[in-house]
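Hi,

Here is the structure I promised to pass on.

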Amino acid sequence: DVKVSALAADARPTTTTTLLLASLLAHPHPAVVAAAAGAVRQLLLLMPQTALYFLPLVLYCLQQSTRSSSSDASASTSTSMQEKGDWPASHAAGAQAVLLSLLPAMAADATNAPFALRALQPLLGPTAPPLIRCVGLRLMVDIWQGSGKGWARAEAALSAFLPPGAAHAAAPPLP
């Protein structure tokens, strides 16, 4: 039993597997990104230390998808989607959601938790729409539950949702 657990702790994906999954995460088609993210999530569950390979790429892809969606909104409407090579906004939003959902799995390794938590900070800002703030808060709590890190940030984000003066109010009675 000890030998098996030691072998599992030293297990690493092959370079080919890592490069293939990385290239699929950066693919322009959202369905490919979603499928690759599912494979990466399974790999992270099996080998949490592999998050170090994928976290910078996921953060980069999130940043690029945010930039491309904001530039798509400002682009002229005379250009068709086929000419631009872009996908509908709903598909891009789906790819962003899938990439965001990888952050809690990546934070399972203690060395990556601070970076995953930092990536969520823009979602929790006071200027973010309420729905986006809720998604960020849910992901932050998932990270805290999975890694045990980040409770102070999660508590501060929860407190930001309360109206002024409500932080000291008594909890409502249970039914």
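Below is what I found, going from the whole chain down to a few places in it.

First, the housekeeping. Residues are numbered from 1 along each chain as its sequence is written, and side-chain values use heavy atoms, with hydrogens and water left out. This is a predicted model, where local features need pLDDT of at least 70 and side-chain atom pairs count only at pLDDT 80 or more, while totals for chains, interfaces and linings use all residues.

The overall picture: the protein has nine helices and zero strands (DSSP runs numbered from the N terminus, H or I of at least four residues for helices, E of at least two for strands). Of its 175 residues, 29% are buried (under 20% relative accessible area; exposed is over 50% and partly exposed is in between, with a 1.4 Å probe and protein chains only). The protein exposes about 10,900 Å², and carbon and sulfur atoms supply 66% of that (Shrake-Rupley method, 1.4 Å probe; for residues, only the protein chains shown count as cover). If you take the contacts (heavy atoms within 4.5 Å) between residues at least 6 apart in sequence, 61% join residues at least 24 apart.

Now the helix pair I'd look at. The axes of helix 7 (residues 113-120) and helix 8 (residues 130-147) come within 10 Å and cross at roughly 170° (axes are lines fitted to C-alpha atoms, for helices over the stretch in contact, with angles from 0 to 180 degrees between N-to-C directions). The two are therefore roughly antiparallel (over 145 degrees; under 35 is roughly parallel, 65 to 115 roughly perpendicular and the rest oblique). Helix 7 brings Ala 113, Ala 116, Leu 117 and Leu 120 to the contact, and helix 8 brings Gly 136, Leu 139, Met 140, Ile 143 and Ser 147.

Thr 18 sits in helix 2 (residues 15-25) and is buried, at 15% relative accessibility. Leaving aside residues up to four places away in sequence, Thr 18 touches Pro 13, Tyr 53 and Phe 54. Ala 108 is in the loop between helix 6 (89-106) and helix 7, and is partly exposed at 42%.

Cheers
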